[in-house]
There are 2 protein chains.
Amino acid sequence: MDVRHLVSTLINGIETCDIDAQDRGFQYGDGLFETLRIRANRPCLWSQHLARLAHGCGRLGLLMPDETLLRDEVDRLCRDEADGVLKIVLTRGSGGRGYRPPEDPTPTRLLTRFPAADYPPENRTQGVVVRICDTRLGLNPALAGLKHLNRLEQVLARAEWSDTDIAEGLMQDIEGNIIEGTMSNLFVVQAGILRTPGLSRCGVAGVMRARVMAEAEVLGIPVNEGRLGLRDLAAADEVFLTNSVIGIWPVRQLVGCDYVPGPLTTHLAAAVDMCND
Amino acid sequence: MDVRHLVSTLINGIETCDIDAQDRGFQYGDGLFETLRIRANRPCLWSQHLARLAHGCGRLGLLMPDETLLRDEVDRLCRDEADGVLKIVLTRGSGGRGYRPPEDPTPTRLLTRFPAADYPPENRTQGVVVRICDTRLGLNPALAGLKHLNRLEQVLARAEWSDTDIAEGLMQDIEGNIIEGTMSNLFVVQAGILRTPGLSRCGVAGVMRARVMAEAEVLGIPVNEGRLGLRDLAAADEVFLTNSVIGIWPVRQLVGCDYVPGPLTTHLAAAVDMCND
């Protein structure tokens, strides 16, 4: 048995698992998070995750942690395990009377390292089976795109199925537009064009989603961000899902349609399968 | 100095202020809360708060705590202070892979006693000044009405002003319907009819709101639950706000309109100013 002391949780730099019960993250979901892949003892797509966190801080009026401090803490968690998943939660900290934020808040940053995700390797090669969730995404431009801590919609959607053969569930907004998976973003390929739902009214703007779109641009593939419906899924040549931990998963079955991992999906999967920091 | 040991926080019955950082309340806002007034060492409107908590548990698939156990814990917190505010937070507890709830969750119940609210007494007698918030409420029928822990919209709305002369801010939904205050429900009186926004698409169905509606019915006052816009506020004879801690606050100024606490507001305020348990 390996008896090294493995640091796996840091709260404001201290090895502890205890959060103050009055933390606004717990009381109101007043905060943001990032989920990163650790590979070869390094956080993947670090600068992109950092940029999204800073953008979210700006939108919510949260104090962005010092980048060097944050990276030091990330490195502390990455040095003991070559592969894994790192989750960073940033909240407005404790205090404030009711909803009103305190005037001089001390943010809470929680970093947790989890073991590498144990998804079947076939998810990447053969693709996954996906369902459509009954739970809808609400519309709210003020929070759209952010990876904030108000995630009850995703919890309710993910609670809808327990069949392990189904890897993900797609969520529609309340008007019936397809937006994203419970934990992933969605792309479809139609007549050589890469299409993904716009996220101006709801949804999470994933770091891997942005990476795929940037990669497509480099490859000269036209990208269209806009409204997608169930009919667009049925008419798609290729469908795939993205997030920072899974990379790209081709979809092989969805609402009665079968797909095979297509050339564009495979091409993009190879292109993004690198660890940039 | 009084050196009695005053219990003010209980987590699953234990005197501690520490929440597990992996609690789903902190990670996702996966839970509910109730805010009660303590008066004469008793929780006000206990059965109504309990019923709402049970209803929320049903909607979110949370395990409702044993009612006797919960009341025992509430009484422990109420016995040391005659007056105060009691907040109950109930979450799905720790665990689960990502958003997916654990199969056999152990819920977390946090009970915190706060000092009695120090609002100016004139709020109840002369009324309050209210503003309209820029932050809009998103639309989501799946979560509408619930007092759940996803409260970023309220945090952003309450962060919009710091002028202590403004007691509350009203929030519109993304379509411009007036829904509620950041921490209160809204009623207007128009031609003898009591009107309050419907909460089927967003908003929190307050315990005091339900109590006011029930009281109005007893008094033979017609109640209309439906859509309200800014014009309805301008056309109102009386406007007031409700929540379990404040009871009823008449509105005396709002978007350029002045009101005086009217007879119906005064009547209802007296009627609900009793501690029912």
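Both A:D232 and A:R195 are buried, and in this predicted model their side chains meet in a salt bridge with an N to O distance of 3.1 Å.

A second pair in chain A lies within one element. A:R211 and A:E215 are both in helix α6 (residues 207-218) of chain A, 4 residues apart, which is about one turn of the helix. The closest N and O atoms of their salt bridge are 3.3 Å apart, and both A:R211 and A:E215 are buried.

In chain B, B:R92 forms a salt bridge with B:D30, and the closest N and O atoms there are 2.7 Å apart. This pair again links distant parts of its chain, 62 residues apart: B:R92 is in the loop between β5 (84-91) and β6 (108-114) of chain B, while B:D30 is in the loop between α1 (24-28) and β3 (31-39) of chain B. B:R92 has a relative accessible area of 5% and therefore counts as buried, the cut-off being under 20%. B:D30, at 0% relative accessibility, is likewise buried.

| Salt bridge | N to O distance | Separation in the chain |
|---|---|---|
| A:R211 and A:E215 | 3.3 Å | 4 residues |
| B:R92 and B:D30 | 2.7 Å | 62 residues |

Over all chains the count comes to 30 salt bridges, and chain A also holds a network of salt bridges that links A:D173, A:E175, A:R201 and A:R227.

Across the interface of chain A and chain B, by contrast, 0 salt bridges are found, although 17 residue pairs, both residues at pLDDT 80 or more, are in polar contact between the two chains. The side of chain A that touches chain B draws two or more residues from each of several elements, among them β2 (18-20), α1 (24-28), α2 (46-60) and α5 (152-158) of chain A. Of the elements, α5(A) gives the most to this side, with 6 residues, and the residues of the side as a whole divide into 26 nonpolar, 14 polar and 15 charged.

In extent, the interface brings 55 residues of chain A into contact with 55 residues of chain B. The area buried between the two chains is about 4400 Å², of which carbon and sulfur atoms give 61%. A:F26, A:Y99 and A:L152 supply 20% of the area that chain A buries against chain B, more than any other three residues.

Strand pairing also joins the two chains, for β2(A) and strand β2 (residues 18-20) of chain B pair in the antiparallel sense over 3 bridges, with A:I19 standing opposite B:I19 in β2(B).

Within chain A, an open sheet of 5 strands runs in the order β1-β6-β5-β3-β4, with antiparallel pairing. Its edges are β1 (9-11) and β4 (42-43) of chain A, each of which has a single partner strand, so one side of each is left without a neighbour in the sheet.

Technical notes
Residues numbered from 1 in each chain as written. Chains lettered and ligands numbered in written order. Predicted model: local features only at pLDDT ≥ 70, side-chain atom pairs only at ≥ 80, totals over all residues. Heavy atoms only, no water. Contact = heavy atoms within 4.5 Å. Buried area = accessible area lost by both parts, 1.4 Å probe. Polar contact = N/O pair within 3.5 Å; in protein donor to acceptor, adjacent residues only side chain to side chain. Nonpolar A, V, L, I, M, F, W, Y, C, P; charged D, E, K, R; others polar. Pairing = 2+ DSSP bridges. Buried < 20%, exposed > 50% of the residue type's maximum accessible area, 1.4 Å probe, protein only.
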